[in-house]
Amino acid sequence: MKIIESIDESIDLENRGPSSSRLYNKIAIIVSLIGLIMFVISAIMYQINNVLGLNIFASVIIPDIAMLVTSIYLAVAERLRAKYLGAIVALILAGALLACLIGFVVFELCVYGQLYIAPFNPPPHL
């Protein structure tokens, strides 16, 4: 089976599926995108000003983790139910968010020696 045929089959299957599956896939994609946007904003701010970027990342790490868990929970359930293209896209976006979070956490641990999480371990002040 070619890739184009597989994608067409996934789209047809998603269109024929129940409305709850489409809703869960859309929610998973939107939540992953919001998490990625929050991470990108904190990464851009870190490039502009280190302390400001650390403050922003420390304040968005917990919501990003909650969004990651929500997205993976919804997308995996729909992916196991059937081969929906929306669930595959949501899992790819959630994987990208997970890679970004792990990368920045490792970066913080290597450069600063500790992980800054806003209510528990606040970053340095401006």
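Start by selecting Ser71, which sits in helix α3 (helices are DSSP runs of H or I, at least four residues, numbered from the N terminus). Before you go on, keep in mind that this is a predicted model, where local features need pLDDT of at least 70 and side-chain atom pairs count only at pLDDT 80 or more, while totals for chains, interfaces and linings use all residues. Residues are numbered from 1 along each chain as its sequence is written, and side-chain values use heavy atoms, with hydrogens and water left out.

Back to Ser71: is this residue buried or exposed? Ser71 is buried, at a relative accessible area of 0% (buried means under 20%, exposed over 50%, partly exposed in between, with a 1.4 Å probe and protein chains only). Now show what surrounds Ser71: its contacts, leaving aside neighbours within four places in sequence, are Ala28, Val31, Ser32, Ala90 and Ala94 (contact means heavy atoms within 4.5 Å).

Next, color α2 (residues 19-48) and α3 (residues 50-81). Their axes are 8 Å apart and the packing angle is about 160°, so α2 runs roughly antiparallel to α3. Axes here are lines fitted to C-alpha atoms, for helices over the stretch in contact, and angles run from 0 to 180 degrees between N-to-C directions; over 145 counts as roughly antiparallel, under 35 as roughly parallel, 65 to 115 as roughly perpendicular and the rest as oblique. Sorted by class, the α2 contact with α3 has 19 nonpolar, 10 polar and 3 charged residues (nonpolar: Ala, Val, Leu, Ile, Met, Phe, Trp, Tyr, Cys and Pro; charged: Asp, Glu, Lys and Arg; polar: the others, Gly among them).

Now bring in α4. α3 and α4 pack at about 150° with axes 9 Å apart, and are therefore roughly antiparallel to each other. Their contact has 19 nonpolar, 2 polar and 4 charged residues.

Time for the core. Pick Phe39, Phe57, Leu68, Leu97, Leu101 and Phe104: of the 14 residues in the largest nonpolar core, these touch the most other members (a nonpolar core is a set of buried Ala, Val, Leu, Ile, Met, Phe, Trp, Tyr and Cys residues joined through side-chain atoms within 4.5 Å). α2, α3 and α4 (85-112) are the elements giving this core two or more residues. Zoom in on Phe57: not counting residues up to four places away in sequence, Phe57 touches Phe39, Ser42, Leu101, Phe104 and Glu108.

Last stop: Tyr84, in the loop between α3 and α4. Tyr84 is buried too, with a relative accessible area of 4%. Beyond four places in sequence, its contacts include Ser10, Leu13, Pro18, Asn25 and Glu78.
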